[in-house]
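Student: I am new to this structure and would like to walk through it with you. Could we look at it together?

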Amino acid sequence: MKWVLTARGQQVRRDIAARRFGAAVVLGLGVAACNPGGPEEPQAVQVPVAITAADGVIVPPALRLAVVWRKGLGVSQQWISTFDVPVDRVNATQLATLDLPPKSERTLLSQKSNVYVSCNDAEYITAPVLFPRLVVYEDIDSSGDLDPDLPRVPGRDRIWAISRMDSSVYSIVGFTDLDQTLAQEPLEAAECIRQTTQGVYTAFFMAQNYSSYVLPGGEPLQAELPLSPTDFARVIMGCEGYVDSSPNNYYSDQTYAAQNVWVDQQVTADVCHDSAIPCSRVEVATLIPESPSNRLYPGYDRELQCTVVGSLDVLWEVESKLECDGCLCSWVETDTSWVAESSQLPANWPCAKQVKYCSTPQQSTAVNPSFCVTTNKRPL
Amino acid sequence: MNYWLIRNSTMCLILAGLLCARRGEAAQPDIVADDRDQYTLFYRHPVNRQLFEQMADPSFAYRLGPSSGPITALSDVTMGTQQTIHAASQSRYHGWFTADTYIGVRPVDGLDINLNLLALNPSASDGYRASGSVHPGLALHLYHDLFTVDRSPVRFDIMGSDLGWVTTGNGLLLESTPLEGVIGVARWKQWELKYMFAGRAYWYDDDYETISLSALKGKVLANFVNWQKQDPPAGATPIAPGFEASAAPTSYPSGHAYYGTLSTRFPISDRLRLATEFGYRVQRQPKVGAMGRADFIVKEGGWYAVHLGYQFRFYRAGFGPRDRLISPTWSFNTPQQQDSYVTNPFEYLGISQAYDQWSHTVMGEARARAPFGIEVYADTELWVRYARSATVPQFASFTAGGFRAPGESTNFYYQSGIRYYPWSKLPHRASFSVSNKQVQAAWVVTDAVERRFAPGTYWILMGEAYL
């Protein structure tokens, strides 16, 4: 059976079809034209910050944790904060929020570099990055805002800790403009950058800073801020270009600030008679413990060496630490020798006990601690 | 917006296409596997097969070559310049010529040897004939009536390797893409069974294999696709275009993306058509894609012609064949590409792994003849696209064309100007136009590029001769 439509029937069918078509188009337009959502900017991320205080550090009550960015150089430097909260607790981990300053501010920031991201055997991405600094400061003026007191830029707030930014550790860095980097690179780079930022759409990642460039390390975002009452944190913050943020990377002529020989009162031999350095008779037991305050200095190191010479025990100690005067920092090394009768060693005599370091005794034949000291200026 | 709405609107489009079927038909192509878009006013370039049949078309009466005999030929010759406005650098085709010549040899009935020679020089600034090149495409075409069923012959065609500009289905997966490979077609009455293997589609490491069955002279078409690719394994970063040769390893294990698509093409009237395509990628978590297209066209209107079209596309995240973010590249970048829409699956599939995408495109072309051989014309395309991140956590990516996903963009493309026809009965013409859509090409036009059209504003002076 064959259906035959009349002209009228065809017209009706055409009208119905046209109406259905129109409805479908309108429906499609109506439901499909809407904002797809999704992040429009790289997202702020939270980073765990370990705020620690060594034994002997007296922690002030009004500490704050801030994420700051430097504008300008030298005496004209300014610091802008993107995060600033009270420190909850010392010797604990606290979350800090990392977020880039507004785009208009980023071009003015002075702590920047370029990152090289190796994607595969053939390609790498290079892109500008910025360094945020995480600082713990004492809010002396109770303003809630950072006004750092720096060597060349006096302020009111005292800096107690600052995140590092050197090649010996992984530092936090952020793409200056992640979207621009993604737009300039091939689509494939998106996966590469995503790996760099741990799969998160954020500008921040961990990298090693090699002065003119940084290399990402694939480490999770984290920071450690050891509180120090010394000047070093404020010097690092205010004197970049003069001072490296790592004591290990700090190169300076060493200064031997002090050399002393302390001879126990029980020693009968005249060990000081030809000493070229200060040599005194004291009660050795009262002097042997290390100075707790010294341990708070950056790069502090203490080495001990025990020597037995005849009936005498000689304890040689070298302490080194970095001290700064303004933006001028120097290694200060203190050499100290204690001499005691082997048969009358004080209770706190560390030799033959577990100490940080005790090298092989010197093969010295004469009872001459000063000789021993002068021939061992450098830590062994 | 939710998937339910998208799915239902898509299904509605498909159902509307099926319900709106009527007896009226647009002209069906006489050329086998002719994928040229019939619903556009863009110039439909000749195809590199069945040249005699094309020459026999009345619209080709002005051509110099014969429509019968053992050999024939035609050529489209263009020369022109495109100059940027408000741009520091020139476009690649800033002083070009093309001679797109087709030679067809039919030694016996059932065998055609077709040679397309595209001679071109993109730039007169490169030095005398410095960048001139000839790009041959050969299509050996065998055809034969195998046997008769129900008093109708079953015609079998096999051809390759030049397949020309290929569209599968209605263009959900592949549209107006120059391909080489092989096509085998069996036709019987209004049925057609077609197999195609194409050596490179959108990526340097892909192969596109499809088998399709169409009925009602192409009104309904089921398409099965095996899109072969080499995705990098987990942990390896995809290699960007241009670095394939220097990266190690240079190849990854072969993978497959399997698809089933269902297409409909129903003319509502002689001038109005509705087409749909629904695609389904078969994998552990199946993904869907869909498109609907409506076209209104007046071609033989006398002193004017007009086409208005609308298309909607939806690609669910993961629908594309690549399971990583990998840039598609276009490997044949000639001025012929100007006669195609920017909206193309090429633009979607690179970021498909991570983003739901949908778009609306309004296409409009118009020509109006004026006295003294003058024609005013305008080709326009409004493309509004959206991408939504489907990954957790979300991340942003940029296509080579600068589209940020997730996000949305609205782009308007145009080429508009005047043409002068010195001979009223002949198509030879000179034209002046302004455009913001020009073909992107590298120094060598067959060097793969990541974007098909170069941004910028251009004026174009052009002469065309059709021989």
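Tutor: Happy to. Let's start with helix H4 of chain A, where seven of the eight residues are buried, so the rest of the structure largely encloses this helix. Please keep in mind that we are looking at a predicted model.

Student: Which residues of H4(A) are buried?

Tutor: A residue counts as buried when its relative accessible area is under 20%. In H4(A), that applies to Ala189(A), Ala190(A), Glu191(A), Cys192(A), Ile193(A), Arg194(A) and Thr196(A).

Student: What is the partner of Cys192(A) in the disulfide?

Tutor: A disulfide is a covalent bond between the sulfur atoms of two cysteines. Here the two sulfur atoms are 2.1 Å apart, and the count over all chains comes to one disulfide. The partner of Cys192(A) is Cys119(A).

Student: How many residues apart in sequence are the parts that this pair ties together?

Tutor: Cys119(A) sits in the loop between strand E5 (112-118) and strand E6 (124-130) of chain A, while Cys192(A) belongs to helix H4 (residues 189-196). The pair therefore ties together parts whose separation in sequence is 73 residues.

Student: Is the disulfide of Cys119(A) and Cys192(A) left-handed or right-handed, and are the two cysteines buried or exposed?

Tutor: Both Cys119(A) and Cys192(A) are buried. The torsion about their S-S bond is about -100°, so the disulfide is left-handed.

Student: Which strands pair with E2(A)?

Tutor: Strands of a sheet pair through backbone hydrogen bonds, either parallel or antiparallel. E2(A) runs antiparallel to residues 133-138, with six bridges, and there Arg64(A) has Tyr137(A) as its bridge partner. E2(A) is also antiparallel to residues 78-86, over eight bridges, where Lys71(A) stands opposite Gln78(A). The two partners are E7(A) and E3(A).

Student: Which residue in the turn of the hairpin of E2(A) and E3(A) has a positive phi?

Tutor: Six residues lie between the two strands of this hairpin. The one in the turn with a phi of about 80° is Gly72(A).

Student: What is the bridge partner of Ala53(A) in E12(A)?

Tutor: Strand E1 (residues 45-53) pairs with E12(A) in the parallel sense over five bridges. For Ala53(A), the bridge partner is Leu227(A).

Student: Finally, what percentage of the residues in chain A is buried?

Tutor: Chain A contains six helices and 17 strands, and its accessible surface comes to about 18,000 Å². Of its 380 residues, the buried share is 49%.

Notes: Residues are numbered from 1 along each chain as its sequence is written. Chains are lettered from A and ligands numbered from 1 in the order in which they are written. This is a predicted model: local features need pLDDT of at least 70, side-chain atom pairs count only at pLDDT 80 or more; totals for chains, interfaces and linings use all residues. Side-chain values use heavy atoms; hydrogens and water are left out. Two strands pair if DSSP finds at least two bridges between them. Helices (H or I, at least four residues) and strands (E, at least two) are DSSP runs, numbered from the N terminus. A disulfide is a pair of cysteine sulfur atoms within 2.5 Å. Buried means under 20% relative accessible area, exposed over 50%, partly exposed in between (1.4 Å probe, protein chains only). Accessible areas come from the Shrake-Rupley method with a 1.4 Å probe; for residues, only the protein chains shown count as cover.
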